[in-house]
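Student: I have just opened this structure and would like a guided tour. Could we go through it together, one question at a time?

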Amino acid sequence: MSYENAWLAYQKKPPTADAAYFSSLYVEGDHRVIATAREELLRAAREMFGKDMILCENREEATISFIWDRMAKTGEEGYHVREDNGKITITSEGPKGILYGCFACIRWVKMEKPFAGMDLLEKPSNPIRILNHWDNMDGSIERGYSGKSFFFRDEKVLVNERTRAYARMIASVGINASVINNVNVKGNATRLIDPVYQEELVQMAEIFADYGIRLYFSLNFAAPMELGGLSTADPQDEQVQSWWQEKMKDVFRRIPNLGGFLVKADSEGRPGPFTYGRTHADGANMLARAVEPYGGIIIWRCFVYNCQQDWRDKKTDRARSGYDNFMPLDGTFLDNVILQIKNGPMDFQVREPVSPLLGGLTKTNQMLEVQIAQEYTGQQRHVCYLIPMFREVLEHRTYCSNEQDTVADIISGRTFHQTNCGMAAVANTGDDENWTGHDLAAANLYGFGRLSFDTDLSSEAIAKEWIACTFGTDPEVMEKIEAILMMSWPAYEKYTSPLGIGWMVNPGFHYGPNVDGYEYDRWGTYHRADHLGIGVDRTSHGTGYAQQYREPLSSQYESLEKCPEELLLFFHHVSYTYRLKTGKTLIQHIYDTHFEGAEDVEKMAELWDSLEGKIPEKSFERVQNRFAHQMDHSKEWRDQINSYFYRKSFLEDEKHRTIY
């Protein structure tokens, strides 16, 4: 399949004084990642300035120098880019830092920032910055909206020029690890740890290593039974432990650059330690002991809940499950285990509270999991720039300590002095020519990488970078696309599910409005609307979920008056006539926001249309077609949601707009 270079398309630049910097290069240090940085800089000079850089043996003769200096005080992955007297020096303690500094230098050019006086010192906020691909061996992608897998096809592992293009793309924004297969491991995916796919996986691991990326697999907890012929997968069984130890010894010997494994267990039908009356710590630690001799990491997902819930039961609460399952185990996991925690307690909704596990756990390595695949936020047919949401999560105070208590502090390791921690994102790529289906959805992939590398970056700053690197720096293009991106998440929230309630989607494929689609099901995803009001009572009088937070959050969520209104219906069952802080009734807020959201989409579409001729034609038409769909679909959301609540409440819209 063909592919585009996304934000790494090095468009020809007009002659400028800064072109002179790209004349000659000195490289100090012999390492495969530094060699990659060298080739990337030579490519940028050739494609942007039409120049073939001279490789110098003497630093004094070079206009750009790569210096691998173990005393640089940057850390292994940090970098210092400094201009002095017409020369640029990129310094780092490690080869990865040289590569990231090289990409930062190229980004500087693409944003048309002057090099004179440049002094940029950056260290990554998070040790692990990892993508989770939900790709299956048959080539399908669970929750994939950008074509088929470019890792797998017809039960085979694919390694080709797109593999290198992918590694180059994600390394350019600081991502340093990738899980290539679905967390729901089935069929031949279980055999990725067997020799059968060794040749292709070694090739892939080597390509990843060139870009400073560690290869990870998702693991099937039942592999001892499915591959080893054992009668059990009990983590306390000595035969099971021995099987895993031998298997890990073999797989780490065969596949270089293997970082470790991601595990989904005891959830949504996946096998796990619960089958044998064991805990998640028992299961994770068994695997952690098996990979520890090779420096391996076990990433254990906290997405664990009982998916056999009875909708009549108003006490059992899916939101409680992560905390209930893992908080009692705090401090019992080995140091090479990381608990991967979704940003919210449910499942990547357009609005959720931050998971109480983040800040609840104090003795366990933690990793934040977000989703850029837009499963519940428009499936890359709607534009929905998610970096503002992720920033809100990162800035959230957990009150787990007197200082450094934000989610960003915790997952960086600053709060509890941990080194195995970071950020993960469920990826949004596929084999579509533009990688992400919707051209503007690439901002989420780019944005996750940049934000996980530097959690202090603003959503606006990341948007500006991505726009400049993708479409150029024309002021009108920059201004209008930034406006579209920054409007998009609030707009999507307005015309879909109000005030934190979530879930009003078609079951199974999760696209399009269906208010009662999940209301009487087993998945625990209810809105509890009746003729008087809507919302789930998660206070101490209801499910008790609000009590899982530390104070003062617990009291805030418990109180109808103090609860943040964007989460009101997540925590409270509220009357339609309840007045919000705006003075509007709840029902009027629902009507107004759904009309406003659809209007916002029309404004975004108009902004895009006005850029015709300033955006490459193919990209312009693709986005224009997506907006045409989004305009129609947002109106369908508006009309179905408003009609549903009008028919429930019999309360009319004060503005007398058409509600069916």
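Student: Are Phe570 and Phe571 buried or exposed?
Tutor: This is a predicted model, where local features need pLDDT of at least 70, side-chain atom pairs count only at pLDDT 80 or more, and totals for chains, interfaces and linings use all residues. Residues are numbered from 1 along each chain as its sequence is written, and side-chain values use heavy atoms, leaving out hydrogens and water. A residue is called buried under 20% relative accessible area, exposed over 50% and partly exposed in between, with a 1.4 Å probe and protein chains only. On that scale, Phe570 and Phe571 are both buried.

Student: How many aromatic pairs does the structure hold?
Tutor: Rings of Phe, Tyr and Trp (its six-membered ring) pair if their centres lie within 6.5 Å; planes under 30 degrees apart are stacked, over 60 edge-to-face, and the rest tilted. By that count, the number of aromatic pairs is 36.

Student: What kind of pair do the rings of Trp243 and Trp244 make?
Tutor: Trp243 and Trp244 are both buried. Their ring centres are 4.9 Å apart and their planes stand at 80°, so this pair is edge-to-face.

Student: Which strands make up the closed barrel?
Tutor: Strands (E, at least two residues) and helices (H or I, at least four) are DSSP runs numbered from the N terminus. Two strands pair if DSSP finds at least two bridges between them. The barrel has eight strands with parallel pairing, in the order E7-E10-E11-E12-E13-E14-E15-E16.

Student: Which strands does helix H6 touch?
Tutor: A contact means heavy atoms within 4.5 Å. Helix H6 (residues 238-254) packs on the sheet, at about 140° to the direction of E12. The strands it touches are E11 (214-219) and E12 (258-263).

Student: Why is strand E16 described as largely enclosed?
Tutor: Both faces of E16 are covered, with Gly422, Ala424 and Val426 on one side and Met423 and Ala425 on the other. Strand E16 (residues 422-426) is largely enclosed by the rest of the structure because the number of its residues that are buried is five of five.

Student: Which residue of E16 is the bridge partner of Leu131?
Tutor: E7 and E16 run parallel and are joined by five bridges. E15 (residues 366-371) also pairs with E16 in the parallel sense, and there Val370 stands opposite Ala425. For Leu131, the bridge partner in E16 is Ala425.

Student: Which backbone oxygen does the side chain of Asn126 reach?
Tutor: Asn126 sits in the loop between strand E6 (119-122) and strand E7 (128-132), and at 1% relative accessibility Asn126 is buried. Beyond four places away in sequence, Asn126 touches residues including Ile411, Gly422 and Thr455. At 2.8 Å, its side chain reaches the backbone oxygen of Ser452.

Student: How far does helix H18 reach from its first C-alpha to its last?
Tutor: The expected span of a helix is 1.5 Å times one less than its number of residues. Helix H18 (residues 617-649) has 33 residues, and 48 Å is expected. The helix comes close to that, with a reach of 48 Å.

Note on methods: Polar contact = N/O pair within 3.5 Å; in protein donor to acceptor, adjacent residues only side chain to side chain. Axes fitted to C-alpha atoms, helices over the stretch in contact; angles between N-to-C directions.
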